[in-house]
Amino acid sequence: MLPVEKKAKKLDKKKARDKKLADEEMKTNISSTEVFVLPSGQEIEKEANEPPELALINQRIRENIQALSNFSKAREPGRSRKEYLSLLLKDLCTYYSYGEFLMEKFLEMFQLNELIEFLEANEVHRPVTIRTNSLKTRRRDLAQALINRGVNLDPVGKWSKVGLVVYDSSVPIGATPEYLAGHYMIQGSSSMLPVMALAPQEKERVLDMCAAPGGKTTYLAALMKNTGIVVANDAKKERTKALVANIHRLGVTNTVVCNYDGRAFPKVMGGFDRTLLDAPCSGTGVISKDPSVKTNKTEKDILRCSHVQKELILAAIDSVDAKSPTGGYIVYSTCSIMVEEDEWVVDYALSKRHVKLVPTGLDFGREGFSKFRGRHFHPSLKLTRRFYAHAHNMDGFFVAKLKKFSNKIPGEEGG
């Protein structure tokens, strides 16, 4: 053996020995886990009458999670897991300022350690992102122009050819000459995803059902190179002002704006190649933008949203022509992470119309749930995609892509 080989062999042995020692130490630490004692009734009463000590509560949250992850050894004799979870729920609500309803929902959705990451991510604003308007400029040229104005930026990620993330800027990003000339749109990175999933083709007829303020509409037009036609609809008339303004600013010429309730849209117009439905929702994916969501959402609100979303998704499907030579696709998206507004709605559509789920074409994000808390959905729901603030550094988002294979409506075929 060469001296260098001998040295390497010795080093490998030393590494293996060190690792063994470290593992044994870790096992010892785990086995000697301290028992986490729940606060007494008097302590709870005292806390209730005084302003919360956040440092104390934070410490207790960490210790409680640790105890729950090694419950048989770390629990107080005679105390149930339910009691520990009940304390954790109360502490999380106090520390992060949530209502109990929403926190219970999140506890069902995430592992405990991931839940903390998720809640922490909701306390921080997502980075400002802009989308290059490819009808007027290229990303490289836009980036250079903005860097020259004192903007610190980078491409948003490998997944986008047009997105840029802005770290800081010495000029207002919504008032640069480039912005006013329509070279870019200020747009959250997550809201670029449904348009990419829809993948509109040139010369197609495309419907954007809930279009204001126009980030997705103008992206659709750019991908279609201003050919074909985009019908941009929004149910609220006052919101169409921003939509029209952005269409003009970005030099979009293939788009018609209209103002109908999306649920009635198939009676207005049909025969589209593709439809995008970015449905109105509870906003549980954008808590960092709107902290009021933490406390003002109830079970009733979520179910009300879900009901409207179910009506909208059927209307979106009915607006598409299954015989389209190039399309027949529907993309459904929300900025909610609630299963009732996401998988549940898509599962409902699968049972009510001749559609099937197809891959979104987005190569990141997590699989949607095919079962959740005892509720079983169609197995193809794994093809949908979920995005989370803590995992993908973008707003919480859900994207599903459907392909329509018959214009007949089940139950009405005999008529």
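Of the 415 residues in the protein chain, 48% are buried, where buried means under 20% relative accessible area, exposed means over 50% and partly exposed lies in between (1.4 Å probe, protein chains only). The model is a predicted one, in which local features need pLDDT of at least 70 and side-chain atom pairs count only at pLDDT 80 or more, while totals for chains, interfaces and linings use all residues. Residues are numbered from 1 along each chain as its sequence is written, and side-chain values use heavy atoms, with hydrogens and water left out.

The C-alpha trace of the protein chain spans about 70 × 65 × 50 Å along its principal axes. Its secondary structure comes to 17 helices and 15 strands. These are DSSP runs numbered from the N terminus: helices are H or I with at least four residues, and strands are E with at least two. Among contacts in the protein chain with a separation of 6 or more, 72% join residues 24 or more positions apart; contact means heavy atoms within 4.5 Å.

Two helix pairs show how helices pack here. Helix α5 (residues 81–96) and α6 have axes 10 Å apart and pack at an angle of about 120°. Axes are lines fitted to C-alpha atoms, for helices over the stretch in contact, and angles run from 0 to 180 degrees between N-to-C directions. The two helices α5 and α6 are therefore oblique to each other. Angles under 35 degrees count as roughly parallel, over 145 as roughly antiparallel, 65 to 115 as roughly perpendicular, and the rest as oblique. On the α5 side the contact uses Leu88, Leu89, Leu92 and Cys93, which meet Glu100, Met103, Glu104 and Leu107 in α6. This contact of α5 with α6 has six nonpolar, no polar and two charged residues. Here Ala, Val, Leu, Ile, Met, Phe, Trp, Tyr, Cys and Pro count as nonpolar, Asp, Glu, Lys and Arg as charged, and the others, Gly among them, as polar.

The second pair is helix α15 (residues 299–318) and helix α16 (residues 343–352), whose axes come within 9 Å and cross at roughly 40°. Helices α15 and α16 are therefore oblique to each other, and α15 passes α16 in a right-handed crossing. Residues making the contact include Leu303, Ile313 and Ile317 of α15 and Trp344, Val346 and Tyr348 of α16.

Aromatic rings come next. Rings of Phe, Tyr and Trp (its six-membered ring) pair if their centres lie within 6.5 Å; planes under 30 degrees apart count as stacked, over 60 as edge-to-face and the rest as tilted. By this rule there are 13 aromatic pairs. One of them is the edge-to-face pair of Phe110 and Tyr388, at 5.2 Å centre to centre with 70° between the planes. Phe110 lies in the loop between α6 (100–109) and α7 (112–121) and Tyr388 in the loop between β14 (385–387) and α17 (389–392), so the pair ties together parts 278 residues apart in sequence. Phe110 is buried at 6% relative accessibility, and Tyr388 is buried at 3%.

Some backbone details remain. The peptide bond from Ala212 to Pro213 is cis, with omega near 0°. Ala199, though not glycine, has a positive phi near 50°; this residue is partly exposed at 28% relative accessible area.

Key:
A crossing is left-handed if the near helix is turned anticlockwise from the far one by less than a right angle, and right-handed if clockwise.
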